[in-house]
Structures are given as structure tokens and as C-alpha cells.
Amino acid sequence: MSSARVRCDADAWSFDPRYTQGRCPICGWEPEGAPRAPRWLAFANRMDWQMIGLWALLDTLVVLGLVVAHATGLLSNRM
Ligand SMILES: [Zn+2]
């Protein structure tokens, strides 16, 4: 296996495009023939999955709270 490192002349920075989604991590230059990440993978890497998971957990807890409140009659007006 030959080394896949390329050098960006603009930044004097050498990098392996396999790990930077095919482009220079500093200026975004795309070297010739570098492997590119599929579009869905680039999109998935851009997403903030921790915050999405946190909001999903919060939504789940709110729904469970509403289910429990409804089951115990806390939401009905006839006390
Ligand atoms: Zn660069």
C-alpha cells in the first residue's frame, strides 16, 4: 500500500484525504483522485448526534410523563 498522504501547497499542510472526506481540512481544497465520502456520510458526520439524542430523550420523557399523568387521572377535570 502506498501512502495516501497529499500535500496542500496553500497551507503547507500534508494530510490523508481518506480521513478528511477527500478535502483539505484547512482550506477545503480537493486533491486529484482522492477518495470522497458519500454524501450521506458527509451529512451524517455534520449532524450533532449528541444534541439530537438529548432532545429525543427529552421528548420521550415528556411523552412518558403525559402517559403516566393520563393513566393516574391527573389530567382529567373531574377530581
Ligand atoms: Zn489547504
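Predicted model: local features only at pLDDT ≥ 70, side-chain atom pairs only at ≥ 80, totals over all residues.
**Exercise 1. Work out the order of the secondary structure and how the protein is divided into domains.**

Solution. Begin with the inventory, which comes to 2 helices and 2 strands; read along the sequence, these follow the pattern β-β-α-α. Next, take the domain bounds, which come from an automatic or database domain assignment: domain 1 covers 1-47 and domain 2 covers 48-79. Finally, the centres of domain 1 and domain 2, taken over C-alpha atoms, are separated by 43 Å.

**Exercise 2. Compare the radius of gyration of the protein with that of a compact globule of 79 residues.**

Solution. The radius of gyration is taken over C-alpha atoms, and the globule rule is 2.2 Å times the number of residues to the power 0.38. For 79 residues a compact globule would come near 12 Å, but the protein has 24 Å. The C-alpha trace, followed along its principal axes, spans about 75 × 25 × 15 Å. As a further step, consider contacts, defined as pairs of residues whose C-beta atoms, placed from the backbone, lie within 7 Å: of those with a separation of 6 or more, 5% join residues 24 or more positions apart.

**Exercise 3. Decide whether helix 2 lies largely in the open or is buried.**

Solution. A residue is buried if 20 or more other C-beta atoms lie within 10 Å of its own, exposed if 12 or fewer, and partly exposed in between, with C-beta atoms placed from the backbone. Across the 79 residues of the protein, 3% count as buried. Of the 23 residues of helix 2, the number buried is 0, so this helix lies largely in the open. Helix 2 (residues 49-71) reaches 32 Å from its first C-alpha to its last, close to the 33 Å expected at 1.5 Å a residue, the expected span being 1.5 Å times one less than the number of residues. Within helix 2 lies Val62, which is exposed because it has 10 other C-beta atoms within 10 Å. Val62 and Met47 are 15 residues apart in sequence and 24 Å apart in space, C-alpha to C-alpha.

**Exercise 4. Locate Ala12 and Gln21, and give the phi of each.**

Solution. Ala12 is in the loop between strand 1 (6-8) and strand 2 (13-15), where its phi is positive, about 55 degrees, although it is not a glycine. Ala12 counts as exposed because it has 8 C-beta neighbours inside 10 Å. Gln21 lies in the loop between strand 2 and helix 1 (39-46) and has a positive phi near 60 degrees, again in a residue other than glycine. With 17 other C-beta atoms within 10 Å, Gln21 is partly exposed.

Conventions:
Residues numbered from 1 in each chain as written. Helix = DSSP H or I, 4+ residues; strand = E, 2+ residues; numbered from the N terminus. Contact = placed C-beta atoms within 7 Å.
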